[in-house]
Amino acid sequence: MNKSITYLIAAFFGLIAFSTEAQSKRDLDNFRQPDQRGINQFEAPKDTVSGFSGLYVRLGGASTLQFQALDHENSGNAATPALQDIGSNFNLATANLDLDVVLYDGVRMHLRTYLSSQHHTETYVKGGYFQIDKLDFIKKGFMEELMNHMRIKIGHMENNYGDAHLRRTDNAMALYNPFVGNYLMDSFTTEVGAEVYYFDKGWFGMLGLTNGKLNQAVTNPETTSPSFLAKVGFDDTLAEDLRVRLTGSVYKSNQSKSIYLYSGDRSGSRYYNVMIAEDGTGDGFRAGRINPDLRSELTSFMINPFLKYKGLEFFGVYENATGKAPGETDNRSWNQYSGELIYRFGAQEKIYLGGRYNYVSGELVGGADVDISRVQLAAGWFMTQNILMKAEYVAQKYTGYPVTDLHNEAQFDGFILEAVISF
């Protein structure tokens, strides 16, 4: 047998042996579980007692497959671009690979790689971070009383603006999202920076600073401007079976042309090929999302209430985004409202029914005032902690777009089935 093949086989079985041993303990400290237990956890919990026993590697991931049956249409005016024909079929399966490494007591690294996505069929890294919940690597017990309440995150990472991004689908990681689609104004970006948290008796706060860039480069330094973000909130169980959470967040950035808060997800929309013209122009891989195009100056605020009583839960979004596109002199403003009601029932709340209404209004670069509304109805079943089957009916409508715009009197609706595995 060829020596190189022998070495390859030995390495392969060595990796299997290592992975089997390493995966015998799946639960980490200060870690949001990537299964049904992680639903409604939002930020990773802050643990004061750890079980550190040396360097430890946790391999995880997610895989999602959809069957889509959506129809779309617009006004059909002579000046309005015609939409491409779409039918009912399976979408490209998406997959994530997660690497979580306990490096030291209270120090963890996270790295997520998109193995397959709608926009990038090739593998590429989403981002990652170091999370520091203890400073024992300096000295045992160093600033222990403070670090029992404090957390530091540093990396090229998903920035913690608002609570909506903590319930959204992140490529194949669709288990936290009770619906298929994300929000109309889908706030999500990955920038290099740091976030500092403080937790105390249900209250918490976060301050963050990033370099303001989605695509990292040392060129064009005159275009670089830091992004500032902050979050404050309360999250606690006030009575038996009653949990209340309320948070407020802000994101502020000044760039020349490259603020990506509402267009930073490179993996793609959960609604494939809707609102795309016959010539390929239109929403592209961000199909169905609304980008207010505030790329050179942006200040966004988001307020998120969350209530859970027994199996019934409510999550809301109010968001205001104000800023400019390159070349504009006056600010434009956009508002987003969303409310969703979920009822979970059965043994371990394995079954749920839910509805969401999402509405966005604002001013386009050309001056037109538009609004977009979406209704989503969903049902889901956790076959196990790690396997979720869900179905959604969605109806989205565009109003106020100019006659030359592809979205003029446009709408899409239909059903999607989605199977999710996450571990």
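Me: Which residues is Tyr-398 in contact with, leaving aside its neighbours within four places in sequence?
Reply: Tyr-398 is in contact with Met-275, Asp-283, Gly-288, Ile-290, Asp-371, Ile-372, His-407, Glu-409, Ala-410, Gln-411 and Phe-412, when neighbours within four places in sequence are left aside. Contact means heavy atoms within 4.5 Å.

Me: What should I know about the model itself?
Reply: The model is predicted, with local features needing pLDDT of at least 70 and side-chain atom pairs counting only at pLDDT 80 or more, while totals for chains, interfaces and linings use all residues. Residues are numbered from 1 along each chain as its sequence is written, and side-chain values use heavy atoms, with hydrogens and water left out.

Me: How many residues has the largest nonpolar core, and which have the most contacts inside it?
Reply: The largest nonpolar core has 45 residues, and Ile-290, Leu-298, Trp-334, Ile-372, Tyr-398 and Phe-412 have the most contacts inside it. Such a core is a set of buried Ala, Val, Leu, Ile, Met, Phe, Trp, Tyr and Cys residues joined through side-chain atoms within 4.5 Å. Buried means under 20% relative accessible area, exposed over 50%, and partly exposed in between (1.4 Å probe, protein chains only).

Me: Turning to pairing, how many bridges join strand 11 to strand 12?
Reply: These strands run antiparallel and are joined by 11 bridges; two strands pair if DSSP finds at least two bridges between them. Glu-297 stands opposite Lys-324 in strand 12. The two strands form a hairpin with 2 residues between them, and Lys-310 in the turn has a positive phi of about 55 degrees.

Me: And how is strand 12 joined to strand 13?
Reply: Strand 12 and strand 13 (residues 332–345) run antiparallel, with 12 bridges. Gly-323 stands opposite Arg-332 in strand 13.

Me: Is Thr-189 buried or exposed?
Reply: Thr-189 counts as buried because its relative accessibility is 2%. This residue is found in the loop between strand 6 (150–158) and strand 7. Thr-189 and Lys-213 are 24 residues apart in sequence and 9.2 Å apart in space, C-alpha to C-alpha.

Methods: Helices (H or I, at least four residues) and strands (E, at least two) are DSSP runs, numbered from the N terminus.
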